[in-house]
Amino acid sequence: MTNNKGQISQLPADLNPQKLPQHIAVIMDGNGRWATSRGLPRIAGHRQGAKTLKELLRCCKDWGISALTAYAFSTENWRRPTEEVDFLMLLFERLLRRELAQMHREGVRISFIGDLSILPKSLQAEIERSSAETLNNQAIHFTVAVNYGSRNEIMRACRQVAELVQQGELTAEGVNENLMEKFLYTADTPEPDLLIRTSGEMRLSNFLLWQMAYTEMYFTDILWPDFDREAFHQALLSYQGRDRRFGQVKASLSA
Ligand code: IPE
Ligand code: IPE
Ligand code: MG
């Protein structure tokens, strides 16, 4: 895969290729502030943010990271002005239409998590098409969270499990963590190793609460549209300096 100058980007020499996070989750925050600080409308920040995401996906692929999950729209983001919400829905749809062919060529498998059923029908159609078309691609798994909220996801899983118990297909004792995971949107995908949130906010905003029980967190003041390869490099350096103990006294070699 190539960067915007048409070159394949090499992993920086100070990063250990054996110790890269396999799955990275990002909360892409600060688009509005980026635009406002330039005297531009907030939507200009979202447009620029989309370019940043595209570059990050390329970079992850070039550097051998196997999964990237991006928070694009939360269940709480409907509280924003209608014009902004409408713009975002249109932007998602336009991006899918415009970028799908190239992503497919480059081996990207794209998936979506969240309650997609209430999204505009034309966006749902693009989502279905892009997920189906790229299903067997292997270069990188790119997941976009749209109308995603962790509490809603967990509640929905509980409801499905409760229905099985009610129908006598499962006993209460049969409910365990592995089973719960099968009912999450992220079923069959590994948990994130690293979470990056931009713009200085240090909260999860209802993102992957179950899945990030042992994820390393990295927060930076950089606004999302300015989050470039060097900023990503810094996040990875920080990650590689961490001791992931998973409750043990010492980090095991395999962790
Ligand atoms: C993140 O940027 C993008 C979405 C939530 C869709 P924001 O729009 O939240 O930017 P700020 O936080 O207002 O600067
Ligand atoms: C989180 O950002 C959601 C996305 C990035 C899609 P927000 O800007 O909506 O989060 P809060 O409101 O500051 O917590
Ligand atoms: Mg924000």
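Tyrosine 148 is buried, with a relative accessible area of 0%. Here buried means under 20% relative accessible area, exposed means over 50%, and partly exposed lies in between, using a 1.4 Å probe and protein chains only. This is a predicted model, in which local features need pLDDT of at least 70 and side-chain atom pairs count only at pLDDT 80 or more, while totals for chains, interfaces and linings use all residues. Residues are numbered from 1 along each chain as its sequence is written, chains are lettered from A and ligands numbered from 1 in the order in which they are written, and side-chain values use heavy atoms, with hydrogens and water left out.

Tyrosine 148 lies in strand β4. Strands (E, at least two residues) and helices (H or I, at least four) are DSSP runs, numbered from the N terminus. Strand β4 covers residues 140-148 and is mostly covered, with 9 of its 9 residues buried.

## The sheet

What is the order of the strands in the sheet? The open sheet has 6 strands in the order β3-β4-β2-β1-β5-β6, and the pairing is parallel. Its edge strands are β3 and β6 (216-219), each of which pairs on one side only. From one strand to the next, the twist averages 20 degrees. The axes behind such angles are lines fitted to C-alpha atoms, for helices over the stretch in contact, and the angles run from 0 to 180 degrees between N-to-C directions.

Two strands pair if DSSP finds at least two bridges between them. Strand β2 (residues 67-74) is joined to β4 by 7 bridges, and the two run parallel. Alanine 67 stands opposite histidine 141 in β4. Strand β3 (residues 108-113) also pairs with β4 in the parallel sense, over 6 bridges. Phenylalanine 112 stands opposite valine 144 in β4, and serine 111 is opposite threonine 143 in that strand. In a regular strand the side chains alternate between the two faces of the sheet.

## Aromatic pairs

Rings of Phe, Tyr and Trp (its six-membered ring) pair if their centres lie within 6.5 Å; planes under 30 degrees apart count as stacked, over 60 as edge-to-face and the rest as tilted. By this rule there are 9 aromatic pairs. One of them joins tyrosine 71 and tyrosine 148 edge-to-face, at 6.0 Å centre to centre and with 80 degrees between the planes. This pair links distant parts of the chain, since tyrosine 71 is in strand β2 and tyrosine 148 in strand β4, 77 residues apart. Both tyrosine 71 and tyrosine 148 are buried.

Tyrosine 148 also forms an edge-to-face pair with phenylalanine 207, at 5.9 Å centre to centre and with 90 degrees between the planes. Phenylalanine 207 is in the loop between β5 (194-197) and β6, 59 residues from tyrosine 148. Phenylalanine 207 is buried, with a relative accessible area of 0%. Elsewhere, Trp63, Trp224, Phe227 and Phe232 form one aromatic cluster.

## Nonpolar cores

A nonpolar core is a set of buried Ala, Val, Leu, Ile, Met, Phe, Trp, Tyr and Cys residues joined through side-chain atoms within 4.5 Å. The largest core has 42 residues, of which Ile24, Val26, Leu68, Phe142, Ile196, Phe232 and Leu236 touch the most other members. Helix α3 (residues 82-105) gives the most to this core, with 6 residues. A second, separate core of 11 residues includes Ala145, Tyr185, Leu195 and Met212.

Contact means heavy atoms within 4.5 Å. Leaving aside neighbours within four places in sequence, isoleucine 196 is in contact with Ile24, Ala25, Val26, Ile27, Tyr218, Phe227, Phe232 and Ala235. Isoleucine 110 is found in strand β3 and counts as buried at 2% relative accessibility. With neighbours within four places again set aside, the contacts of isoleucine 110 are Leu96, Met103, Ser130, Ser131, Thr134, Phe142 and Val144.

## Cysteines

How many disulfides does the structure hold? The structure holds 0 disulfides, a disulfide being a pair of cysteine sulfur atoms within 2.5 Å. The sulfur of cysteine 60 has its closest cysteine sulfur in cysteine 59, and because the distance is 6.2 Å, the two are too far apart for a bond. Cysteine 60 is buried, with a relative accessible area of 0%, whereas cysteine 158 is partly exposed, at 38%.
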